[in-house]
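The entries below follow the order in which I looked.

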Amino acid sequence: MENIIKDIDIIPAEEAQACDFKTTEEENTGKHKKLYIESYGCQMNFSDSEIVASIMKENGFDTTSNFEQADVIFLNTCSIREKAELTVRKRLSQFNTIKREKPELTIGVLGCMAERLKDKLLEEEKLVDVVVGPDAYRDLPNLVKVAEEGDKGVNTFLSREETYADISPVRLNSNGLTAFISIMRGCDNMCSFCVVPFTRGRERSRDPHSIVREAQALFDQGYREVTLLGQNVDSYKWSPEENNKARLNKQKEAVSEVINFANLLEMVAKVSPLLRVRFSTSHPKDITDEVLYTMKKYDNICKYIHLPVQSGNSRVLDMMNRTYDREWYLERVAKIREILGQECGISSDMIAGFCTETEEEHQETLSLMDIVKYDFSYMFYYSERPGTLAAKKYEDDIPLDTKKRRLQEIINKQSQHSLERNQLDIGQIQQILVEGTSKRSEDQLKGRNSANKVVIIPKGNVQKGDYVQVKITDCTAATLFGEVVS
């Protein structure tokens, strides 16, 4: 475990993608050029790559899983942590070695790192031909042409309007059952440790009717679960006249209708009772009782909430500019338990060793964990990001050894709680959506329950895509095991 911490500075739950990446798959529809994309970081980035693939497909590109066959290589990047950027830089150096042998190859950096480091990547290090921010993907075909003609293709303009609502994403690395739907872009929260507001711009919400159409199309194609994505889904607020929550709140009388996140959840849930609906991420300051009661009303809205706390101490939360305190957070958790029950899954993000954090304040994070008992968490130690409010205002003054020790204590606590929470499921009958074969055995299938926990079952006569009732018989801290009862 210590080696893991040293190597990647993060201990994720099973699906964490902090430095992991996904690539495009092989597609041969007869188009004359090949596109290869590596996507790093969060689910929003993976969703954006599907938009990019769609735009490029309309402009003469098939995708490839082999970068050596590509005419264009894009790295869709993450700036949330230093390790993610270092990983991308190393990868760019590898691709530039290939380019020396294949000079016609076009290399581009997309996403958050492009927004933050455009001058360095283009002028100082000369690693790339194309640099495109998250709001400028429609311009990619033109920018690739500019690069092919010998110039640099650059567009890092941040939009207040772009939501890509009219683009039907090309589903990459799809299992044919689960898909992401981006419902909003940007973030207005300005947490002091976070670069997202500077790399993805201001919040704007996508037309809800386009979201419902996308969900319906996915269901018609055989998909059985969608995850509604946003940096802060609870801030979703749309009207025909305005798609930014802050501006919309100022001109309530001037709009014809308002759709909030609870309304949107209900609209998507009504597509079909056989279409599961998930969402990520929720901000503790914004999650409302209306959302919780909407989740309760519809069986196909999964009973799972990712509710990042970051710290259990109110002073540290104030320095992080999270705009809530310990008591507010615990009240929201209590309300989730009251409305949705103890079985509702709750996960979190936590940062160990934020600026000036004392030992007593670290202990408050551990005590909050004891109260909430998260099902799983994404756990980091603090890594200062240039350009953030914290980097400008505070000294990163906690020694690295202290950060790692505190992180390890958080990890140990979470492992204990994950096992305790899973043990509560033993003996229960739960519905799971079967997603495919288990990684460990061809004779086993894996699926997920409503609380987003992986459940392993014997293969039997069950097929991928089936909803089955399963009795939970055993567990580890990460996985449930069960047998089909119907």
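This is a predicted model: local features need pLDDT of at least 70, side-chain atom pairs count only at pLDDT 80 or more; totals for chains, interfaces and linings use all residues.

Entry 1: I then looked along the chain to K392, which is 307 residues apart from E85, and noted that the two C-alpha atoms are separated by 20 Å.

**Entry 2: the record's site at C42, C78 and C112.** According to UniProt, in an unreviewed entry, C42, C78 and C112 carry the feature "binding site". These positions are spread over 71 residues of sequence, yet they cluster in space, with a largest C-alpha distance of 10.8 Å.

I placed C78 in the loop between β5 (72-77) and α3 (82-101), and I noted that C78 is buried, with a relative accessible area of 8%.

**Entry 3: T106.** I next looked at T106, which lies in strand β6, residues 106-111. T106 counts as buried, because its relative accessibility is 2%. Not counting residues up to four places away in sequence, I listed what T106 touches: D71, V72 and I73, then D129 and V130, and finally A147 and E148.

**Entry 4: the record's site at C187, C191 and C194.** I returned to the UniProt record, where the unreviewed entry also places the feature "binding site" at C187, C191 and C194. I located C191 in the loop between β10 (184-185) and α6 (196-200), and I found C194 in the loop between β10 and α6 as well. C191 is buried at a relative accessible area of 8%, and C194 is buried at 13%. Which residues does C191 contact beyond its neighbours within four places in sequence? I recorded M320, N321 and R322.

**Entry 5: two helix pairs.** I then turned to how helices pack, for which the description uses the angle between the two axes and the distance between them.

For helix α2 (residues 43-57) and helix α5 (residues 140-148), I noted that the axes come within 9 Å and cross at roughly 70°. Because angles of 65 to 115 degrees count as roughly perpendicular, α2 is roughly perpendicular to α5. In this contact, V52, I55 and M56 of α2 meet L140, P141 and V144 of α5. By class, I counted six nonpolar residues here, with no polar and no charged ones.

For helix α10 (residues 289-297) and helix α12 (residues 326-340), the packing angle is about 25°, and the axes are 10 Å apart. That angle makes α10 roughly parallel to α12, and I noted that their crossing is right-handed. From α10, the residues D289, L292, Y293, M295 and K296 meet R332, K335, I336, I339 and L340 from α12. What classes do the residues of this contact divide into? I wrote six nonpolar, no polar and four charged.

**Entry 6: backbone checks.** I finished with the backbone, where I noted that the peptide bond from S280 to T281 is cis, with omega near 10°. T281 lies in the loop between β15 (276-280) and α10.

I also looked up Q310, which has a positive phi of about 75° although it is not a glycine. Q310 is found in the loop between β16 (304-306) and α11 (314-319), and with a relative accessibility of 6% Q310 counts as buried. K373, not a glycine either, has a positive phi of about 55°. I placed K373 in the loop between α13 (359-372) and β18 (376-381), and there K373 is partly exposed, with a relative accessible area of 30%.

Notes
Residues are numbered from 1 along each chain as its sequence is written. Side-chain values use heavy atoms; hydrogens and water are left out. UniProt positions are given in the numbering used here, feature names are shortened, and annotations may be inferred rather than shown by experiment. Helices (H or I, at least four residues) and strands (E, at least two) are DSSP runs, numbered from the N terminus. Buried means under 20% relative accessible area, exposed over 50%, partly exposed in between (1.4 Å probe, protein chains only). Axes are lines fitted to C-alpha atoms, for helices over the stretch in contact, and angles run from 0 to 180 degrees between N-to-C directions. Angles under 35 degrees count as roughly parallel, over 145 as roughly antiparallel, 65 to 115 as roughly perpendicular and the rest as oblique. A crossing is left-handed if the near helix is turned anticlockwise from the far one by less than a right angle, and right-handed if clockwise. Contact means heavy atoms within 4.5 Å. Ala, Val, Leu, Ile, Met, Phe, Trp, Tyr, Cys and Pro count as nonpolar, Asp, Glu, Lys and Arg as charged, and the others, Gly among them, as polar.
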